Amino acid sequence: MAVSEKDVMTALGRVIEPELHQDLVTLNMVKDVRIIGNDVAFKIELTTPACPLKDVMDKAARAELNKIVGIGTVDIGWTSNVAANARMRSALSLPVKNIIAVASGKGGVGKSTIAVNLAIALGQTGATVGLLDNDVYGPNVPIMVGLPTAELMPDGRSRPSISIETRGKVNLMVPEEKFGIKIFSIGFVYSAEQALVWRGPMLHSAIRQFLQEVAWGDLDYLIIDMPPGTGDSQLSLAQTAQGVMGVIVTTPQLVSLSDALKGITAFEQLKIPMIGVIENMGPYIDPATGRKMTMFGEGGGERLAAMKKVPFLGSVPLDPSIRIGGDTGKPFIVTNPDSEAAQRLTTIAKQVAARVSVLNFQQSSVIPISIIG
Ligand SMILES: Nc1ncnc2c1ncn2[C@@H]1O[C@H](COP(=O)(O)OP(=O)(O)OP(=O)(O)O)[C@@H](O)[C@H]1O
Ligand SMILES: [Mg+2]
């Protein structure tokens, strides 16, 4: 008996997407089924190219299909269509599917380092990614990615290092493109001297400007590097961009954890869904000696996540080459892709993408159909 499309769909209807907990057919993930003789080919459309559980689904699908009597070869292709956040429809009308704010309660824990490398790692999976440096008082992203900043001119104004494009009546700032992602920092527009005179109300309009007046184009993920603290900028972001989600970076020691706790609480109060906690500057194994160094202790990030019942996304070691990469504009994910740190960060990036898909899925299942679209 010949294999039919119905046989194939019935078999795939028993394959459960491990994170969304529904089957591939119900989730409408099976595309382009082709049957030639008894050979079967089809595509599985993932909710993110950074899906960490592709192999699990591949195995499960093959196992179910092989139960069909007489089935020939099985050819599975993979595509992706990043799920968009259903609430991302504020007044902004931005072609950005997901906004991820990288924050902490504390300065110097590595938010910018994580934001830069996370954005690049997501881009490496094939997603379209933007990185916004939202640290108006201390924009560090230009140095970390090796891009020039605005210059202070003799008349006291700044000469931007990026180009400005006029579209219709609006001037749009064109983000830089490097390491496969789009990058924008206030440092590209104002010199350090000028940025310092910004005041509260301007900060509030700044985030709106960064979102609306930068020519981001279509993005699957926009990563926002937040300034230290849990103050005004979190609030402005929440008020400006509905649907934003948050990642908290912490170092493993107690002092940092209590600050990170404040960061999580701020997200909760602002109703910003938590993607999870990333521990940075965690235990490092010296490749030369094999010795483990725990400069700031270990396990703190995991404890914090458990305490707040949010996902723990992983730990990035305290590795001198990460600091050097940051200072020289050469992100470690690009220069040392085989290092422990880079591999961990790639895994973390996939966890982030998967969790965003799950949050979007949960949200879309509770939002009444009438307000979607
Ligand atoms: N895992 C790591 N190993 C070694 N050095 C690191 C690591 N993470 C960050 N650093 C270094 O620590 C310093 C602080 O990092 P970073 O600027 O990313 O922190 P931040 O939280 O963004 O700081 P701020 O609060 O000032 O914005 C930088 O010099 C950076 O290169
Ligand atoms: Mg920073």
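A polar contact is a pair of N or O atoms within 3.5 Å; within protein, one atom must be able to donate a hydrogen and the other to accept it, and residues adjacent in sequence count only if both atoms are side-chain atoms. With that criterion, the side chain of Asn85 makes a polar contact with the side chain of Asn360, at 3.2 Å.

Before I continue, a word on conventions. This is a predicted model, in which local features need pLDDT of at least 70 and side-chain atom pairs count only at pLDDT 80 or more, while totals for chains, interfaces and linings use all residues. Residues are numbered from 1 along each chain as its sequence is written, chains are lettered from A and ligands numbered from 1 in the order in which they are written, and side-chain values use heavy atoms, with hydrogens and water left out.

Let me stay with Asn85. Its place is the loop between E3 and strand E4 (99–103); helices (H or I, at least four residues) and strands (E, at least two) are DSSP runs, numbered from the N terminus. Is Asn85 buried or exposed? Asn85 counts as buried because its relative accessibility is 5%, where buried means under 20% relative accessible area, exposed over 50%, and partly exposed in between, with a 1.4 Å probe and protein chains only. Leaving aside residues up to four places away in sequence, Asn85 touches Lys97, Asn98, Gly243, Met245, Asn360 and Gln363; contact means heavy atoms within 4.5 Å.

I turn to the sheet. Three strands form an open, mixed sheet in the order E1-E2-E3, and two strands pair if DSSP finds at least two bridges between them. Its edge strands, each pairing on one side only, are E1 (30–36) and E3 (74–80). From one strand to the next, the twist averages 15°. Helix H1 (residues 5–12) packs on this sheet, touching E1 and E2, and its direction makes about 135° with that of E1. Helix H2 (residues 54–65) also packs on the sheet, touching E2 and E3, at about 145° to the direction of E3. For these angles, axes are lines fitted to C-alpha atoms, for helices over the stretch in contact, and angles run from 0 to 180 degrees between N-to-C directions.

Next, helix H10. The buried residues of H10 (residues 320–328) are Ile322, Gly325 and Gly326. Seen down the helix axis, they fall within an arc of 100°, so they line one face of H10; the arc is that of the directions from the helix axis to the C-beta atoms. The face turned away from the buried side carries the exposed residues Arg323 and Asp327. At the start of H10, a side-chain oxygen of Asp319 comes within 2.9 Å of the backbone nitrogen of Ser321. Just after the helix, Gly329 takes a positive phi of about 75°.

Now the ligand. Which residues are closest to ligand 1? Of the 17 residues that surround ligand 1, the closest are Lys111, Ser112, Thr113, Asn280 and Pro317; a residue is counted if one of its heavy atoms lies within 4 Å. A backbone N or O atom of Ser112 lies 2.8 Å from a ligand 1 oxygen atom, and one of Pro317 lies 2.9 Å from a ligand 1 nitrogen atom.

Finally, backbone angles. Most residues other than glycine have a negative phi. Lys271, not a glycine, has a positive phi of about 60°, and Lys271 counts as exposed at 65% relative accessibility. Met281, in strand E14, has a positive phi near 65° and counts as buried at 19%.
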